[in-house]
Amino acid sequence: MRGFRNIRARRVIASAVTVAAAFGLAACGTSGPSTTTSAKGLTMWALNDQTILKESVDAYNKDHPDEKITLQLYANDDYKQKLRVAFGANQAPDIFFSWGGGALDDYVKAGKVDALTAAQVKTDRFTPSVMQSATFGGKVYGVPANGLAPVVLYYNKKVLKSAGVEPPKTYDELMTAVGKLKGDGVIPLSLAANSKWPTLMYLEYLLDRTGGTQAFSKIASGDATAWTDPTVTKANQYLQDLAKAGAFGNNASSVNYDQGASTALLYTGKAGMEVMGTWEYANLVKAAPDFVKKDLGYVAFPALTGGAGNAKSIVGNPSNFLSLNASSGHKSAALTYLKDYVLDDSQVDAYLAAGSVPPVNGLESKLAATKSSDKAWLTFVYELVQNSPSFQLSWDQALPSDQADPLLTNVDKSFLRQIKPEQFGANMSKAGS
Amino acid sequence: MATTLRTPRTTSTTRTTRTTGRGGRRFSGALMAAPALILFGLFGLVPLVGVVALGFARWDGLGSIGWSGAANWSSVLTDGATWQALWLTVKVMVISWLVQTPLALALGVFQAPHGRLRSLFAVLWFLPLLLSAVAIGLTWQALLDPSFGIGATPGLHWLARPLLGSPDLALYTVIFVIAWQFVPFHALLYQAGIRQIPTELYEAAAIDGAGPATRFLRITLPQLKYTMVTSSTLMLVGSLTYFDLIFVLSGGTGGPGTATRVLPLAMYITGFQSHDMGRASAVATLLVAFGLGLSLLTTRLSGFTRMDSQQEGL
């Protein structure tokens, strides 16, 4: 997930990066532990906020003392770069964590990842729409490892009430709410535009609502000219309209998601709403448990009257995935772990207890039986995903990795209104061809 | 007479010892330089050659490397983004120099005389230099947050604006934070430089009736010439490759938009986010050439290479 990024990691990056930056000038040293696979055990890489996933490794290690998994956890920001460099240097772990999508497909195309059969890892237990993100050419290359992360609209009940606003169900209602909240002296929508990817979430939903799922699936299939479709321009127009109406306040471009300021704006009542992934719920519980109990509300992203899209469609990160390194020397052990320990019954319970819904079929009875204070939230997320006709993976993850930076840069420029709505598609089709 | 006769003999013996001595010194000099040369060769020259070669290749960091001729170069050189990044880099370089040099000089002059209070101040403003760029970046990012940062303090509400978020202000904010980090270092250079100026010069000038301003302009500044060259070279070449603080302050993207995407950051994004190592290497080569030219130019123009003494006749 994209939640937590820490200083230590930044240091590691910074030092690695200095090496890169200094290229020709004297530079030395790499960072991070060495990851040569020992004959006895296997290695696995994941993000450092995956504490529940770690329990599955512990459980596996308890049962398999002869062939243990050494789990190495990394911070979010440059995990992708680290993994890439490790694969390039043939020092990659046996099992690795990813977001699926275009970045995973890069490894698949380079022959670095093994396909997994339904029998090997019991794929039929997972939500089908989620498996799409790790399926390439009809073969599955990853096993979901944690909770569903669709993007939803959070709101502060107290702030909305005092402005006389109902949680918006349509784009028009959203625009009205923006006007009223602004009049009430609060930021209508808290947005961490400095990080760029939170802005992208708006565009993903707006395109989905305007042009339907096929608008982006055409682009994702490699047709760069599909960026110039009128619906892409229209989605950018909607985004710019929101910005022009002052929906994000004056300072959004200074707000960085990692600093936690966009989250804080919502629970301190300085902002009325926030569009963010479901991981934000855990952040809110950690930062302001009282707010979550009393004033936190959430709905699906508003519908668009007259748009071609289905209002039940969702975007976000279906899940994170664990994949098997094709050059691993411990494949059978790795498959045992993926099949019997990843998202097994105790893992599912642990995720639910933490307020996160894992992408596993048939959770209704478990959800009905739970006494957790997060029951309403868990049911909301589960039903949102179960009822959605499509679950679009975030564009920056879905596209090949060389397009992620042009995408985020152009989204930011569109948000800042440095480019016209139609220029966005033109720039992207150039970057994608 | 005896002395005059003896003198040449002594000289000749001295000469012979000197000659052998010189040869030995040459040898031991090479020996002493060897570790540095070997390290520089291994970690400086070898990667440099690799980068130049990679500039003519296509490599995504995963698959095999394939030659692509001058394709990277033509795409880098015809891309408007490269020139924009270069322009931003030059801007950072020049404005940093203009901001940092007077400040560092003033602080250096203030710190130079010995005194307990001065030492205390020196320690205080030396602190930023001890912090890592990442810590500095994260701290300033939090400080400059318009909602919860310094702008939330009563009396400082005028700071509650998107200093890092506005495309017009972000670059200057970044330059300010860079100056905050590096002025102490250059102040230290100037302090050391000033302490080396012989006091006789000041005493003589005082006797001649020169006031503090004249003494500063006529003695301190000319005597600091080489310190200034050293400091300026470090500043200019340093800001050319400056990366980490800008990376952190802009959330790793060189944003808002591309307002702070300097050339080293553009290189990193091309290489490690877009995985286009060939293109990134071409940009790196461009940076190396630029940096090398710049440091050669500063030392040549300033006469640093001649190493004339400034204390002739003292």
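Among contacts in chain B between residues at least 6 apart in sequence, 69% join residues at least 24 apart, where two residues are in contact if their C-beta atoms, placed from the backbone, lie within 7 Å. The model is predicted: local features need pLDDT of at least 70, side-chain atom pairs count only at pLDDT 80 or more, and totals for chains, interfaces and linings use all residues. Residues are numbered from 1 along each chain as its sequence is written, and chains are lettered from A and ligands numbered from 1 in the order in which they are written.

Chain B contains 12 helices and two strands; helices (H or I, at least four residues) and strands (E, at least two) are DSSP runs, numbered from the N terminus. Along the sequence, the elements of chain B follow the pattern α-β-β-α-α-α-α-α-α-α-α-α-α-α. Of the 314 residues in chain B, 34% are buried. Here a residue is buried if 20 or more other C-beta atoms lie within 10 Å of its own, exposed if 12 or fewer, and partly exposed in between, with C-beta atoms placed from the backbone.

UniProt positions are given in the numbering used here, feature names are shortened, and annotations may be inferred rather than shown by experiment. For residues 169-190 of chain B, the span is 95% helix and 0% strand, and its end C-alpha atoms lie 30 Å apart. For residues 226-249 of chain B, the corresponding values are 88% helix and 0% strand, with the end C-alpha atoms 33 Å apart. The same record, also as an unreviewed entry, carries the annotation "domain: ABC transmembrane type-1" over residues 86-298 of chain B. That span is 72% helix and 0% strand, and its end C-alpha atoms lie 19 Å apart.

Most residues other than glycine have a negative phi, and most peptide bonds are trans. In chain B, the peptide bond from Gly255(B) to Pro256(B) is cis, with omega near 0 degrees, and Pro256(B) sits in the loop between α10 (244-249) and α11 (263-273) of chain B. His275(B), although not a glycine, has a positive phi of about 55 degrees. This histidine lies in the loop between α11 and α12 (277-302) of chain B, and His275(B) counts as buried because it has 24 C-beta neighbours inside 10 Å. In chain A, Lys122(A) has a phi near 55 degrees, again a positive value in a residue other than glycine. Lys122(A) is found in the loop between α5 (118-121) and α6 (128-131) of chain A and is partly exposed, with 17 other C-beta atoms within 10 Å.

Turning to the interface, 48 residues of chain A are in contact with 50 residues of chain B. On the side of chain A that touches chain B, α1 (7-22), α3 (79-88), α12 (261-267) and α20 (404-415) each supply at least two residues. The largest share, nine residues, comes from α1(A). By class, this side of chain A divides into 21 nonpolar, 15 polar and 12 charged residues; Ala, Val, Leu, Ile, Met, Phe, Trp, Tyr, Cys and Pro count as nonpolar, Asp, Glu, Lys and Arg as charged, and the others, Gly among them, as polar.

Helix α20(A) also packs within its own chain. Helix α9 (residues 197-211) of chain A and α20(A) meet at an angle of about 80 degrees, with their axes 9 Å apart; axes are lines fitted to C-alpha atoms, for helices over the stretch in contact, and angles run from 0 to 180 degrees between N-to-C directions. That angle makes α9(A) roughly perpendicular to α20(A), the class for 65 to 115 degrees, whereas angles under 35 degrees count as roughly parallel, over 145 as roughly antiparallel and the rest as oblique. Trp197(A), Thr199(A), Leu200(A) and Leu203(A) of α9(A) make the contact with Leu408(A), Val411(A), Asp412(A) and Phe415(A) of α20(A). These residues comprise six nonpolar, one polar and one charged.

A second pair in chain A joins helix α11 (residues 230-244) and helix α21 (residues 421-432), which pack at an angle of about 130 degrees with their axes 7 Å apart. The angle makes α11(A) oblique to α21(A). The contact involves Val232(A), Thr233(A), Asn236(A), Gln237(A) and Gln240(A) of α11(A), together with Pro421(A), Glu422(A), Phe424(A) and Gly425(A) of α21(A). Its residues divide into three nonpolar, five polar and one charged.
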